[in-house]
Amino acid sequence: MARPETLKQAVQPSPLHALIAQTQLSPSHLPNLHALALQVQHNLQFQHSWTALRVHTHSPLTNEPLPRPLLAGLPPKRLYVHPDEQIALLKTAERTRKARKRAGDSSDALEIKAAPEREWILPTRLSEKWTLRRLSDVFAGTSLVPPEAEESETVTDRPANPWRSTKRVVLATVSPDSTVVYYIVQDGVVKPRQN
Amino acid sequence: MAPSVETNKATFNAALLPSFTPAPESPAPTEPAEPVPSTNRSSPADHSGIEVAKTTPATSPSVPEPFPISCISNRYFVFDPNTISHLRRNHNICGVLIGTIPNLSSQNVFLGVPLQLLPEEARVLVERGVAFVVDEVEGHKWFLGGQAVSTVDDGKDVVKSIKGNGTRMSREERLKWLEECDRQGRARAHAVLHEKRKNTEKVLKEKGLSHKLEDMTSAATPDLAEDTGGDSLLFDAPPAPTRPEAAKDERMLALHHTTPTTSYPPLPVPTLPVSVLPLPKLTSSIANRYPLFRHLHSQGYFQMPGLRFGCHYTVYPGDPLRFHSHFLATGLGWDEEFDLLDIVGGGRLGTGVKKAYLIGGEDPDAEVQGVGGVGNARAFSIEWAGL
């Protein structure tokens with residue numbers, strides 16, 4: 001029995017399914033890897049309010065294909081503050097607070113201003129096995145800061161953060177139940193944050 | 001060096017103390033060969049995260065290098081307190097103190113010498129040329145004048161020079177030594193007894209009973225005289241006019257013995273061409289993690305065993321007594337597969353205790369860039385992103 005066109009489908013495809021179905025998957029990588037990137041992109045965009053998300057299939061440095069499609073995007077607020085930068089930010093905030101107080105402002109709050117920075121995201125599945133070599137290959141293809149997305153409407157000529165001197169990617173691990181966890185992986189021995 | 005179970009903890013602690021006292025932050029421009037963190041970036045971009053504790057070298061006996069590391073049944077030990085503090089102060093090596101007191105062997109809160117080294121620690125010291133490994137059993141036999149026993153290990157570098165008759169003791173010397181032990185034991189027992197008597201008299205005097213003691217002794221002496229009255233015919237001299245309990249104590253005294261805690265004669269510190277073992281072997285489990293250990297050590301980090309945090313090493317930016325650790329490090333082979341679940345677990349545990357999880361290994365393809373054969377280790381720090 002043919003289904004009348006006017007009826008709605010019994011089961012609507014999920015938004016994620018629709019996104020993957022709509023997107024033109026890149027021919028340079030396996031479809032499952034590209035779909036994985038789209039899944040993480042969807043999660044970041046709608047659950048963590050990231051903006052300017054974009055899938056990179058080729059390295060901005062060498063233009064070679066990346067080991068797998070990577071994402072780049074802008075978080076709503078700063079994702080990572082290096083402890084040394086944190087100290088500098090606190091000092092600046094303290095100075096401005098004192099200056100405000102002298103000017104007769106009643107508010108005594110310490111305002112720390114750390115503008116969000118674009119981040120690389122490496123989508124992975126929990127069932128995968130990784131090696132140091134593969135991780136190193138991923139870092140070889142990434143730049144220090146992801147290139148600005150073309151469609152980005154945010155201000156682009158912000159001076160590069162002088163504290164950002166090591167490469168980092170956000171490791172996004174997707175579990176079979178579609179939970180996504182995010183870990184920051186830095187290239188090199190970088191001291192931990194003082195949470 | 002003799003494996004003498006030296007339990008004199010007071011001396012040991014005193015020897016270590018100077019390095020533990022927080023030294024004033026005096027700008028010492030002529031710092032001894034401290035491994036300088038290799039930062040090829042300019043500040044403020046120094047993200048290597050190293051604030052190596054600079055301790056001003058306290059006045060302590062200098063330890064000549066290379067110094068011996070004792071190998072006993074494939075474990076590596078340091079027995080000399082000066083060497084232990086030297087290791088800690090100048091070579092970022094902590095090791096683990098494992099020595100306990102023979103008559104309180106179950107207490108394991110405060111442990112002393114010897115210091116046990118990880119095979120990685122022993123190897124890194126030997127590679128840097130500041131130490132050599134001595135087969136303790138053969139060295140001991142050699143020094144005590146035993147026969148040359150050198151089992152042919154598969155290691156080709158074993159120096160089989162154990163022929164010397166060393167400082168073997170003759171029978172007379174040994175008897176003399178035992179006599180000396182007895183003499184010391186008696187002297188000690190006398191001292192104890194003397195103290196005991198003094199205390200007794202003091203207490204009795206305080207209670208006003210000192211005259212009773214006199215009475216007791218004066219009363220006891222005639223008894224003794226009566227008892228031995230018949231014997232005085234047989235023996236020339238009547239018993240000495242000492243108190244009988246004293247005589248009894250004197251007889252008891254003969255039973256006291258001292259147990260020497262060191263070998264005799266004291267063995268000299270071995271110098272180089274004595275039964276030197278090859279580099280500590282890298283068993284398969286250690287081989288993969290060793291490059292990361294060496295890399296972090298060369299950057300001036302202190303490392304301790306990491307079992308408590310489920311990793312190979314906990315990595316400290318300075319002396320562990322003064323700093324919290326920064327990293328939970330796990331060494332891996334370059335092509336060794338790991339589960340992402342381990343990364344998630346390690347990263348989350350590390351972040352929970354204000355540390356970063358560190359994985360690293362040696363890149364066999366990278367061109368040699370390390371200075372002094374430090375190798376091409378590469379490391380990745382992992383922290384929870386907070387999303």
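Q: How many residues of chain A are in contact with chain B, and with how many there?
A: 41 residues of chain A are in contact with 47 residues of chain B. Contact means heavy atoms within 4.5 Å. This is a predicted model: local features need pLDDT of at least 70, side-chain atom pairs count only at pLDDT 80 or more, and totals for chains, interfaces and linings use all residues. Residues are numbered from 1 along each chain as its sequence is written, chains are lettered from A and ligands numbered from 1 in the order written, and side-chain values use heavy atoms, leaving out hydrogens and water.

Q: What area is buried between the two chains?
A: About 3900 Å², with carbon and sulfur atoms giving 58% of it. Buried area is the accessible area (1.4 Å probe) that two parts lose on being put together, summed over both.

Q: Which residues of chain A lose the most?
A: A:Leu132, A:Tyr183 and A:Val189, which together make up 21% of what that side buries.

Q: How many salt bridges are there between chain A and chain B?
A: The count is 6. A salt bridge is a side-chain nitrogen of Lys or Arg within 4 Å of a carboxyl oxygen of Asp or Glu. One of them pairs A:Arg133 with B:Asp335, where the closest N and O atoms are 2.6 Å apart.

Q: Which element gives the most to chain A's side?
A: β6(A), with 7 residues. Helices (H or I, at least four residues) and strands (E, at least two) are DSSP runs, numbered from the N terminus.

Q: Which strand of chain B is β6(A) joined to?
A: β11 (residues 377-384) of chain B, by 5 bridges. The two run antiparallel. Strands pair if DSSP finds at least two bridges between them. A:Tyr183 stands opposite B:Trp384 in β11(B).

Q: Switching topic. What order do the strands take in chain B's open sheet of 5 strands?
A: β3-β4-β2-β1-β5, with mixed pairing.

Q: Why is one side of β3 and β5 left without a neighbour?
A: β3 (96-99) and β5 (131-135) of chain B stand at the edges, each with a single partner strand, so one side of each has no neighbour in the sheet.

Q: And what is the twist?
A: It averages 40° from one strand to the next. Axes are lines fitted to C-alpha atoms, for helices over the stretch in contact, and angles run from 0 to 180 degrees between N-to-C directions.

Q: Which strands does helix α2 of chain B lie across?
A: α2 (residues 81-90) lies across β1 (67-72), β2, β3 and β4 of chain B. It runs at about 50° to β4(B). Helix α3 (residues 119-127) of chain B packs on the sheet too, touching β1, β2, β4 and β5. The direction of α3 makes about 80° with that of β4(B).
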